[in-house]
Amino acid sequence: MPEKSPEITREELAHLATLARIDLTDAELDHLAPQLSVILESVASISGVAGDDVPPTSHPVPLTNVFRDDVVEPGLTAEQALAMAPDAEQQRFAVPRILGDEQ
Amino acid sequence: MSDRIHSTAAELAEALAAGSVTSVDLTQAHLDRIAAVDGDVHAYLHVDAEGALEQAVASDERRAAGTPLHALDGVPIAVKDVLATAGLPTTCGSKILEGWIPPYDATVVARLKAAGLPILGKTNMDEFAMGSSTEHSAYGPTRNPWDLDRIPGGSGGGSAAAVAAHMAPLALGTDTGGSIRQPGAVTGTVGVKPTYGGVSRYGLVALANSLDQVGPVTRTVLDSALLHELIGGHDPRDSTSIDQPLPGLVAAARQGAAGDLAGVRVGVITELAGDGWQPGVMARFEESLELLVKAGAEVVEVSCPHFVHALAAYYLILPAEASSNLAKFDAMRYGLRVMPQGIDSPSAEEVMRATREAGFGDEVKRRIVLGTYALSSGYYDAYYGQAQKVRTLIGRDFAAAFEQVDVLVSPTAPTTAFKLGEKLDDPIAMYLNDLATIPANLAGVPGVSVPSGLADEDALPAGFQVLAPALADERVYRVGAALETALTEKWGGPLLAQAPSLESTQNGALA
């Protein structure tokens, strides 16, 4: 457990935003960092509530794998799938370059 | 039937069956009401007048031929904008999906269409269902029909306000931490969160998969039961869908409305009261308890000691799931694509970052960052792992409580509707609205909110929540309907009859 009262600094927020693939403006960094620290402080009370013997719950009902019969079912046509794409070319999604200069 | 827009869905279904009204009449009356009052309320993001009337014409033809598809065939409905509707815009209240038209229907929407219910339009919501006031919608807030300066609850404030303002007899909502029940409480309407897995999530744009559930938003408990039976039941397209028949919900609502609760054990949750609970909300809650006792129920107090940690667990689990779910909004296959300023030939990652900056609002950014933090290495065990363990303890609290009682009750929300803007930039104050509704989502159990009356301080609606064990949804309908009947008798009519009419000339009265 982190011992001191948790905090998200402006620098940490910028790093987290990069991980989450969101550009944040300077004004947003100033505005959101203290709010996130307050939220984090209020949820930090959860530490120590449950002992090691308590198993985690990921879903309210037990999950079992579900199979369906291996038969073809109708799906979307290429036109339907591409109809709302920002850009399409030759029946494919057209996307910006995915490799950097150094790659 | 009193008139076209003030009648319940059950009454409308009877009138359609008797031939005293047509679906075209009903649908047009609701479209007229929308035109008259939604400029003020803003419950709808999109109204499909043409499509709804086409469906109504087809419904009337089926009635005339003696081949209705369902008892509710021809009764119009509104759909929360988080559910995919083929051919109708689905934005989730976000700029990132502005103008997106899904190529498929959510299973619940397909079931509405298969039963012949005309779809009036899509209702407003907090962006991606993150919020308790509908103020986080990128398209502007919905206003509470009881007081246009106040919030209608959230995230499903649009559906609740549409039903409260008689702009639809029925609506669909979704409830991840209270987004059906809390808007129900603050608008004087009825909302049900079914057992997790009881209603298909296929085509519901996921906020938090392990918590989300689709459910009915209506003005009466019986109407919710009718709609729940229509949309519920197994769906092979949702791997968490429960593969067994629903219990008899309509029958349970009718049984409850008969007023006899003899032998029913009701538990009042100790932890969901006290400081911070508005006195007028508590007063209506206590009165409602007395009515349940009068109906024959045995009321006891039950402690659920870990509920005090539910809010903290929820605000770790939900952001964690949401940050993962919303990663799909990457500007590549659908939705907004924004090119970053001042970069020649930007990379896909740079485009994604610029798009999410422009397309997401503050609350979505807050929760994605929080979720990213809670899931990052070094913090995972301390936050997300702990939250999942607390989830186990909350489930155990429910299990222990339901060994003593048949249903658990509390006020639905700690306060009545607050003013627009009051809590917009104070996330913690906003989160506290869901204090009483969140435990049900963490444990997957069903719950209803029924109007309990108007608080003395502000003459605004309060809600009474009934929770039951998973798969025992019929219990919330039975107890909810019994309370509704007793209260309606006491008030001399439905609570909504006391709401402002919102327009000087009343639409919809039958000539």
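Two residues are taken to be in contact if their C-beta atoms, placed from the backbone, lie within 7 Å. The model is predicted, with local features needing pLDDT of at least 70 and side-chain atom pairs pLDDT 80 or more, while totals for chains, interfaces and linings use all residues. Residues are numbered from 1 along each chain as its sequence is written, and chains are lettered from A in the order in which they are written.

Q: Is B:Lys80 buried or exposed?
A: A residue is buried if 20 or more other C-beta atoms lie within 10 Å of its own, exposed if 12 or fewer, and partly exposed in between, with C-beta atoms placed from the backbone. B:Lys80, found in strand E2 (residues 77-80) of chain B, has 30 C-beta neighbours inside 10 Å and therefore counts as buried.

Q: Which helix supplies the largest share of the side of chain B that touches chain A?
A: The contact takes 55 residues from chain B and 48 residues from chain A. Helices here are DSSP runs of H or I with at least four residues, and strands are runs of E with at least two, numbered from the N terminus. With 11 residues, the largest share on the chain B side comes from H13(B).
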